[in-house]
Amino acid sequence: MEQWNPIQSHDPIPDRVGAVIVGGGIIGMSIAFEMARRGLQVLVLERDGIGSGASGVSAGMLAPVSEAEHETSPLARLGLHSLDRYPSFVRAVEDVSGIPCDLRLEGTLLVARTRDDEAELLHLQGIQRRLGLVAEWLDAREVLQREPHLSPRIHGALFAAREGQVDPRAMLRSLHAAVRGLGGRVRTGAPVERIEPGRGGLVVQGRVGDVRGSVWCEVAVLAAGAWSDAVRHPGPALRVRPVKGQILRLTGCGLLRHVVRAPDVYLVPRSSGELVVGATVEERGFDPHPTAGAVSDLLWAARLLVPGIYDCALQEVAVGFRPATRDALPVIGPTHVPGLYVATGHFRHGVLLAPATAELLAETITTGRVHPLLEPFSPAARVEARP
């Protein structure tokens, strides 16, 4: 089976740089892009390859309305802001890189297979309305007019017209090229071990292979996803843990136009003809092994929604690690240590929140003012809120 190969980049590491971004996932690369296009000298240090963590496995759903049941009001507002920013953000990245990100804003169908599912979705619609989100109820006939390959046994669906998807793997390739096109440097295979104050700025210490070294910078952003706690630093404890997710990629389908979701599965059709089926949520630490049970459960749930997937080819089974905090909310903003910022703990929302996180954090770094949308997620506020 074809597998995703994380992007490798071997740019030289300078002794001094304006900003170091620790982590080469969708969050870290987006921040690097925003800072580079503001004229800052940027160096990205990634422990493995670009997109080797959750980003390279993610389905790329942009779904602040569909996931309202799991969101607080501040997270919903940040998610909607980020969704609104997606088209202009992607255009800016593509203009520099010349590589398309495959952004599609065709809406999401949240499908009810049973009467119980229908009741749950109508309850979700109430939550959405209280959060100021909009989704339209469609009966079975209206749903099948939009997606004729769905099972005729469905009862209806909520349609979130504003939502969509982006291909995270394409977006990572585009971001990598854009950051380098703006003069930024990206080094993979370079795990960071420590960040500490020094010489009027910060010293980022790590290694490349067996060789240890350090880089002085004015600003360091810790955006290492599920590996954020592996980096020692004088800022607040982040307590980010990995949440395992297994996801499938099928080919030879061409069955769907919209993102389709049910309580136990989602299906994301790519422009290339690939169909992404996900995903498990497992508290298994950094267990990298796919399991037969997860593959079986996901395919069974998907086939109940779209019987035609039976004839699709199974291209890939992938495992990723979502970065989760205790309350499943991200930590974004400045710490009490001058020049040290964090952007991690995005859990299931990393792809959705990438433009907002990058733009608003870059604004905070360059102006010294924390944007109101980021205030609920600042390290200081989050530490105070923890028991």
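This is a predicted model: local features need pLDDT of at least 70, side-chain atom pairs count only at pLDDT 80 or more; totals for chains, interfaces and linings use all residues.
Local features are taken from residues with pLDDT of at least 70 and side-chain atom pairs only at pLDDT 80 or more, whereas totals for chains, interfaces and linings use all residues. Residues are numbered from 1 along each chain as its sequence is written, and side-chain values use heavy atoms, with hydrogens and water left out.

An open sheet is formed by 8 strands in the order β5-β6-β4-β13-β14-β15-β12-β16, with mixed pairing; strands (E, at least two residues) and helices (H or I, at least four) are DSSP runs numbered from the N terminus, and two strands count as paired if DSSP finds at least two bridges between them. Because β5 (136-139) and β16 stand at the edges with a single partner strand each, one side of each is left without a neighbour in the sheet. From one strand to the next, the twist averages 25°, angles being taken from 0 to 180 degrees between N-to-C directions, with axes as lines fitted to C-alpha atoms, for helices over the stretch in contact. Strands β12 and β16 pair in the antiparallel sense over 11 bridges, and T251 stands opposite A313 in β16. Helix α3 (residues 115-130) packs on the sheet and touches β4, β5 and β6, while its direction makes about 140° with that of β4; contact here means heavy atoms within 4.5 Å.

Strand β4 (residues 108-112) is mostly covered, as 5 of its 5 residues are buried, where buried means under 20% relative accessible area, exposed over 50% and partly exposed in between (1.4 Å probe, protein chains only). In a regular strand the side chains alternate between the two faces of the sheet. In β4, T108, L110 and A112 point one way and L109 and V111 the other way, and all are buried. On one hand, β4 is joined to strand β6 (residues 156-160) by 5 bridges in an antiparallel arrangement, with V111 opposite A157; on the other, β4 pairs with strand β13 (residues 259-262) in the parallel sense over 3 bridges, and R261 is the bridge partner of L110.

The axes of helix α1 (residues 26-36) and helix α7 (residues 350-367) come within 8 Å and cross at roughly 40°. The residues of this contact divide into 11 nonpolar, 3 polar and 2 charged, where Ala, Val, Leu, Ile, Met, Phe, Trp, Tyr, Cys and Pro count as nonpolar, Asp, Glu, Lys and Arg as charged, and the others, Gly among them, as polar.

The count of salt bridges comes to 20, each being a side-chain nitrogen of Lys or Arg within 4 Å of a carboxyl oxygen of Asp or Glu. One of them joins the side chains of E316 and R169 at 2.8 Å, N to O, and this pair links distant parts of the chain, 147 residues apart, with E316 in strand β16 (residues 313-324) and R169 in helix α5 (residues 168-181). E316 is buried at 3% relative accessibility, and R169 is buried at 9%. A salt bridge also forms between E274 and R249, whose closest N and O atoms are 3.6 Å apart; E274 lies in the loop between β14 (265-269) and β15 (275-278) and R249 in strand β12 (residues 241-251), so the pair ties together parts that are 25 residues apart in sequence. Both residues also belong to a network of salt bridges that links D167, R249, R270 and E274.
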